[in-house]
Amino acid sequence: MALDYLPSPGWAVIYGETPSATRWSELGDNDDALATGAGIDDLAIINRHIGPGAVTANETTGIWWEELARTTVSVAGDLITLTPITAKKYIRIIAVLKATGGTIDSRIRFNNDSGNNYAYNSLYSNSGTPTFDPGILQAGINGEAFTLVSGGSVLIDIGGQNHSGVYKQFVGGSISDTVTAASTAPVPYTIYAKWASTAQITRVDVVNNGTGDFAIGSEVIVLGHD
Amino acid sequence: MPTITDSQLDELLSKMDPKMAAHYRSTLAGDVAAVYCMSKTCKGRKIGAQNAAGQWVGNTPTKKSGLLSTRARFDGHTGFRCRCGASSITSPAESGIITSEAPTRKALAEVYERQQKNPAKITEHADGTVTVDGFKIEQLRSIA
């Protein structure tokens with residue numbers, strides 16, 4: 001009979017020891033429980049089983065985004081790097097950036113390319129009237145409409161294609177806010193961007209061009225799928 | 001009810017496939033020996049028996065008493081482990097040397113040396129039973 005848990009026998013055999021029929025039976029029960037999956041404890045699945053790169057696309061039929069990389073800031077600074085990232089045909093970047101010690105003005109770069117190989121068209125609103133704001137020959141994809149003062153935060157969520165042999169295209173946006181009451185609307189920002197490179201993305205950097213730093217706890221996650 | 005002697009059973013089984021014969025011997029033939037745990041918990045309770053095929057088979061165990069495993073020790077005795085916690089699985093000379101790993105030649109040399117100085121605790125009783133390191137073995141009949 002398959003158990004719905006693995007008994008913790010708390011015993012081991014030494015060299016030459018022959019377990020009794022009762023103990024063989026316990027081992028058989030364990031095998032049955034493992035075969036059905038019922039014996040796998042909730043805490044048995046740990047990070048390395050599901051962490052970046054552990055689960056391939058073939059094993060995730062019906063499951064889309066797989067986490068490829070994650071970096072959480074532990075020391076305030078101007079650069080958040082995620083590398084190496086397994087190249088997937090589709091990519092999504094989610095970032096929560098918190099400003100400290102001054103302003104933040106974020107840019108997203110790929111494969112450590114700091115050249116003017118990025119272009120975007122963006123749409124934002126600060127006072128109810130939407131404004132188109134294109135940018136060409138940029139050194140990164142802009143993260144938010146306005147620089148954020150210390151204490152403010154921004155949520156960036158952009159997705160794109162990461163096919164080899166073509167330039168990369170992204171669509172997404174961000175929402176940023178200072179620490180204000182609910183009576184103040186946050187600032188929306190929609191962006192359509194490209195990276196003029198045919199190489200697949202294997203590294204993501206988020207760079208701060210403001211006067212402050214990304215605060216401790218700021219986090220960038222890269223998801224992917226083939 | 002017709003009965004069959006051990007010698008008749010042996011004659012019958014000798015014509016069978018050896019593996020099947022061993023199976024029938026283990027289920028049909030009478031016990032060769034019995035083992036009793038002499039711990040304070042078990043108080044001399046019979047915990048298992050050796051069948052004609054040489055296998056040690058435990059009694060129906062209770063919560064705190066019952067044969068868990070056996071082992072052929074390097075001093076020639078059979079070691080037992082009981083559910084009550086009592087164990088003679090390793091001899092005093094093997095203790096701390098014999099583990100789950102196969103022993104090395106060096107380990108065996110140490111066991112050999114220690115067996116001379118620290119042999120098993122054996123008590124031979126008047127009724128013919130023998131107690132080895134806390135487990136009493138009663139021979140019921142010779143192996144056919």
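In this briefing a residue is called buried when its relative accessible area is under 20%, exposed when it is over 50%, and partly exposed in between, with a 1.4 Å probe and protein chains only. By that rule B:Arg114 is partly exposed, with a relative accessible area of 27%. The model is predicted, with local features requiring pLDDT of at least 70 and side-chain atom pairs counted only at pLDDT 80 or more, while totals for chains, interfaces and linings use all residues. Residues are numbered from 1 along each chain as its sequence is written, chains are lettered from A and ligands numbered from 1 in the order in which they are written, and side-chain values use heavy atoms, with hydrogens and water left out.

**Interface of chain A and chain B**

- Eleven residues from chain A and 18 residues from chain B take part in the contact, where contact means heavy atoms within 4.5 Å.
- The area buried between chain A and chain B is about 1000 Å², and carbon and sulfur atoms give 56% of this area; buried area here is the accessible area (1.4 Å probe) that two parts lose on being put together, summed over both.
- Of the area that chain A buries against chain B, 52% is supplied by A:Ile14, A:Tyr15 and A:Glu17, which is more than any other three residues supply.
- The rule finds one salt bridge across the interface of chain A and chain B, a salt bridge being a side-chain nitrogen of Lys or Arg within 4 Å of a carboxyl oxygen of Asp or Glu.
- In a salt bridge, the side chain of B:Arg81 meets that of A:Glu17 at 2.9 Å, N to O.
- Seven residue pairs, both residues at pLDDT 80 or more, are in polar contact across the interface of chain A and chain B; a polar contact is a pair of N or O atoms within 3.5 Å, where within protein one must be able to donate a hydrogen and the other to accept it, and residues adjacent in sequence count only if both atoms are side-chain atoms.
- On the side of chain A that touches chain B, strand E1 (17-19) and helix H1 (21-36) of chain A are the elements that give two or more residues, and helices (H or I, at least four residues) and strands (E, at least two) are DSSP runs, numbered from the N terminus.
- E1(A) gives the largest share of that side, three residues.

**Strand pairing between the chains and within chain B**

- E1(A) pairs in the antiparallel sense with strand E4 (residues 67-72) of chain B over three bridges, two strands being paired if DSSP finds at least two bridges between them.
- Within this pairing, A:Thr18 has B:Thr70 in E4(B) as its bridge partner.
- Strand E1 (residues 33-37) of chain B is joined in the antiparallel sense to strand E2 (residues 45-50) of chain B over five bridges, and B:Cys37 has B:Arg45 in E2(B) as its bridge partner.
- E2(B) also pairs in the antiparallel sense with strand E3 (residues 56-58) of chain B, over three bridges, and here B:Gly48 has B:Gly58 in E3(B) as its bridge partner.
- The hairpin formed by E2(B) and E3(B) has five residues between the strands, and B:Gly54 in the turn has a positive phi of about 90°.

**Make-up of chain B**

- Chain B has three helices and eight strands, and from the N terminus on its elements run α-α-β-β-β-β-β-α-β-β-β.
- Of the 144 residues in chain B, 35% are buried.

**An open sheet in chain A**

- Four strands of chain A form an open sheet with the order E3-E12-E5-E8 and antiparallel pairing.
- Strand E3 (79-82) and strand E8 (141-142) of chain A stand at the edges, each with a single partner strand, so one side of each is left without a neighbour in the sheet.
- Strand E5 (residues 106-110) of chain A runs antiparallel to E8(A) and is joined to it by two bridges, with A:Arg107 standing opposite A:Asn142 in E8(A).

**Salt bridges within the chains**

- Over all chains, the structure holds eleven salt bridges.
- A:Glu67 and A:Arg70 meet through their side chains in a salt bridge (2.8 Å, N to O), and A:Glu67, A:Arg70 and A:Glu219 are linked in a network of salt bridges.
- A:Glu67 is partly exposed, at a relative accessible area of 26%, and A:Arg70 is partly exposed at 43%.
- A:Asp205 and A:Arg203 form a salt bridge in which the closest N and O atoms are 2.7 Å apart; A:Asp205 counts as buried at 2% relative accessibility, whereas A:Arg203 is partly exposed, with a relative accessible area of 22%.
- B:Arg114 and B:Glu110 form a salt bridge with the closest N and O atoms 3.9 Å apart, and these residues are separated by about one helical turn because they lie four residues apart in helix H3 (residues 105-117) of chain B.
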